[in-house]
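Biologist: I'd like to learn how to read a structure. Can you walk me through it?

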Amino acid sequence: MPLQRAIDLARLGRVDEAQAQIRSYLEKSDPKFTQAKWREGYFYSDPSIVEGEVADLSKGGLPEK
């Protein structure tokens, strides 16, 4: 999934590539996808995991709302 790849790239410090992954996903798959939608779709026993993923997606330019 491109957004999971974007998270991985952001964690590796490859923010430009993460941004490209997010742009591509938004253009080709779901232009209205947001950080809020990511939070709604992923559940972990530790909420800090989702918040870490959202922080990485934010670095890559995924809109908040």
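This is a predicted model: local features need pLDDT of at least 70, side-chain atom pairs count only at pLDDT 80 or more; totals for chains, interfaces and linings use all residues.

Biologist: Okay, where does D56 lie?

Modeller: Helices (H or I, at least four residues) are DSSP runs, numbered from the N terminus. D56 sits in helix α4, residues 47–59.

Biologist: Is D56 buried or exposed?

Modeller: Buried means under 20% relative accessible area, exposed over 50%, partly exposed in between (1.4 Å probe, protein chains only). D56 has 7%, so it's buried.

Biologist: And which residues is D56 in contact with, leaving aside neighbours within four places in sequence?

Modeller: Contact means heavy atoms within 4.5 Å. For D56, that gives I7, A10 and R11.

Biologist: Now the rings. How many aromatic pairs are there?

Modeller: Rings of Phe, Tyr and Trp (its six-membered ring) pair if their centres lie within 6.5 Å; planes under 30 degrees apart count as stacked, over 60 as edge-to-face and the rest as tilted. That rule gives 3 aromatic pairs. One of them joins Y25 and F33, edge-to-face, at 5.7 Å centre to centre with 85° between the planes. F33 also pairs edge-to-face with W38, at 6.4 Å and 85°.

Biologist: Which residues do ring pairs link into a cluster?

Modeller: Y25, F33, W38 and Y42. Y25 is buried at 12%, F33 is buried at 12% too, and W38 is buried at 0%.

How values were computed: Residues are numbered from 1 along each chain as its sequence is written. Side-chain values use heavy atoms; hydrogens and water are left out. Helices (H or I, at least four residues) and strands (E, at least two) are DSSP runs, numbered from the N terminus.
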